[in-house]
Amino acid sequence: LAVWVCSYITATTLDSRSESLTGFVQQSPMTHIRITAGGHEFLARLETEKSPKTCAWFLGLLPYQAHICQGRWSGKASFIRIGTTGADIGYEKATSYPQLGEVVMYPGDREQGGGEIYMPYGPNEFACEFGKIAGNHFLSIVEGKEALPELGEHVHWHGAQEILFALAE
């Protein structure tokens, strides 16, 4: 398999579309996202009460296709580079120790960039080369979580994999 270089996406973050989505997210009782990567499929629930701004931002990206890479500093975790697209979100009950099945978003910032979506598949501490960082828990995988270690090991040994996030029907 080819090893892909993870690339940054360019887009604005809090435009009128994502601000209008915040109201939708807060009113929607439960929205599910289908995640497809490395031959696996997962179903995740948006955590609208924990991270309403992050959920609204993410809904504005859907369908979202990228590459998921092995984390270098965090233990058993994979990540997706998002550049500065989430830099205006800020922190919402952020954590440095997400559990298996908890997907978090580190917003990064406009000066240094470096935002990412982070998916642990085993023991981890969310970190970068400069130390511990934290992310907003915005998705919880509710179906297929047991396959996360297999996906993570595949990414680790075979390189970046395409990943697709889309609204579940």
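**Close-up views of the core and its aromatic rings**

The protein exposes about 8500 Å², and carbon and sulfur atoms supply 51% of that area (Shrake-Rupley method, 1.4 Å probe; for residues, only the protein chains shown count as cover). This is a predicted model, in which local features need pLDDT of at least 70 and side-chain atom pairs count only at pLDDT 80 or more, while totals for chains, interfaces and linings use all residues. Residues are numbered from 1 along each chain as its sequence is written, and side-chain values use heavy atoms, with hydrogens and water left out.

**View 1. The fold comprises 3 helices and 10 strands.** Helices (H or I, at least four residues) and strands (E, at least two) are DSSP runs, numbered from the N terminus. Their order from that end is α-β-β-α-β-β-β-β-β-β-β-α-β. Of the 169 residues, 51% count as buried (under 20% relative accessible area; exposed is over 50%, partly exposed in between; 1.4 Å probe, protein chains only).

**View 2. The largest nonpolar core has 32 residues.** Such a core is a set of buried Ala, Val, Leu, Ile, Met, Phe, Trp, Tyr and Cys residues joined through side-chain atoms within 4.5 Å. Phe58, Tyr64, Ile117, Leu139 and Phe165 have the most contacts inside it (contact: heavy atoms within 4.5 Å). Helix α2 (residues 52-59) gives this core its largest share, 4 residues. Apart from it lies another core, of 6 residues, including Ala77, Tyr106, Tyr118 and Phe126.

**View 3. Ile117 meets partners from several stretches of sequence.** Leaving aside residues up to four places away in sequence, Ile117 touches, among others, Trp57, Phe58, Tyr64, Phe79, Val104 and Phe138.

**View 4. Helix α2 is mostly covered, with 7 of its 8 residues buried.** The buried ones are Pro52, Thr54, Cys55, Ala56, Trp57, Phe58 and Leu59. Trp57 counts as buried because its relative accessibility is 3%, and Phe58 because its value is 0%.

**View 5. Aromatic rings pair up: the whole structure holds 7 such pairs.** Rings of Phe, Tyr and Trp (its six-membered ring) pair if their centres lie within 6.5 Å; planes under 30 degrees apart count as stacked, over 60 as edge-to-face and the rest as tilted. Trp57 and Phe58 make a tilted pair, 6.2 Å centre to centre with 45° between the planes. Tyr106 and Phe126 are edge-to-face, at 6.2 Å and 85°. This second pair links distant parts of the chain, with Tyr106 in strand β5 and Phe126 in the loop between β6 and β7, 20 residues apart. Both Tyr106 and Phe126 are buried.
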